[in-house]
Amino acid sequence: EEALNTEPRQSVSANVALQDITGVRSLLISVYDRLQGSDYYGARFMLGPDALADNATVTNAQSNRYLTWTINNFGVHFNIWGNNYGAINEVNYILATDLTKITTTTEANQLRGESLFLRALLYFDLARVYGYEPGREVNGFNLSVIIRTEPVSTASQADFRPRSTNREVYDLIEKDLKEAIGLLTGTNRFRATQAAAHALLSRVYLYQSKWADAEASATSAIGATPATLINSSAVASNY
């Protein structure tokens with residue numbers, strides 16, 4: 001009888017997965033993986049805005065890519081809703097876990113900091129696609145996206161709720177990034193870092209016309225990274 005009652009190999013419940021640090025690390029990698037899809041940072045989220053804004057042109061019409069974007073055709077839009085909320089749910093699982101019970105304080109802080117950074121990035125992108133920036137509403141429309149900070153394991157737990165205001169969403173983004181900045185250490189450019197959190201916070205301030213805050217965060221980002229600027233002549237020769 002026991003041979004027939006086995007755990008599924010293709011999936012594992014959160015209660016099981018998050019009992020040890022290996023499961024948490026794997027779940028966090030899953031969130032990073034969601035960033036690289038073709039609809040997101042893998043292609044369209046990077047190229048689409050330039051095509052819509054006439055900053056880029058299609059040189060190979062045979063590819064059928066971005067042709068409707070360059071003319072801002074009706075129905076052309078970014079499709080990141082499902083992907084981002086799936087990632088946000090995974091992040092929320094990590095943030096709801098007491099990491100100090102399964103790993104060192106240093107790693108627990110790092111993993112929580114990375115998770116907060118990722119949730120802020122995911123919500124910032126959602127807010128930019130599906131709503132207006134605070135203070136730049138059109139016809140008074142100030143609704144943004146739905147805020148979820150608690151994980152759900154089944155569809156029945158994902159209750160229907162109204163969209164939050166853009167101010168509420170941006171406040172959550174700022175809150176997550178400020179906490180992340182105090183937790184993140186290291187300079188691994190393949191993971192979220194303190195410098196990256198400062199840089200993203202600067203961009204968030206920029207979208208709200210908070211010029212002084214944007215400059216201060218950008219300066220902090222530069223100071224928190226070992227990367228250095230090179231002069232223009234060196235850049236040109238390296239192309």
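1. What share of the accessible surface of the protein belongs to carbon and sulfur atoms? In this predicted model, the share is 52% of an accessible surface that comes to about 14500 Å².

2. Secondary structure. The protein contains ten helices and zero strands. Its pattern, followed along the sequence, is accordingly written α-α-α-α-α-α-α-α-α-α.

3. Dimensions and burial. The C-alpha trace spans about 65 × 45 × 40 Å when taken along its principal axes. The chain has 239 residues, and 37% of them count as buried.

4. Contacts across the sequence. Where contacts between residues at least 6 apart in sequence are considered, 64% join residues at least 24 apart.

5. Charged side chains. The protein carries 20 positive and 24 negative side chains. The centres of these two sets lie 3 Å apart.

6. Tyr132, Val138, Phe141 and Leu143 together make a nonpolar surface patch of about 300 Å².

7. Exposure of Phe141. Is this side chain's residue, Phe141, to be classed as buried, partly exposed or exposed? Phe141 has a relative accessibility of 35% and therefore counts as partly exposed, since that class lies between the limit for buried, under 20%, and the limit for exposed, over 50%. Membership of a patch requires over 30% relative accessible area, and Phe141, at 35%, is partly exposed and contributes to the nonpolar patch together with Tyr132, Val138 and Leu143.

Definitions and conventions: Residues numbered from 1 in each chain as written. Predicted model: local features only at pLDDT ≥ 70, side-chain atom pairs only at ≥ 80, totals over all residues. Heavy atoms only, no water. Patch = residues over 30% accessible without salt bridge, like charges linked within 9 Å, V, L, I, M, F, W, Y side chains within 5 Å. Areas by Shrake-Rupley, 256 points an atom, 1.4 Å probe, with all protein chains shown as cover. Salt bridge = Lys/Arg side-chain N within 4 Å of Asp/Glu carboxyl O. Buried < 20%, exposed > 50% of the residue type's maximum accessible area, 1.4 Å probe, protein only. Helix = DSSP H or I, 4+ residues; strand = E, 2+ residues; numbered from the N terminus. Contact = heavy atoms within 4.5 Å. Lys, Arg positive; Asp, Glu negative; His and termini not counted. Charge placed at Lys NZ, Arg CZ, Asp CG, Glu CD.
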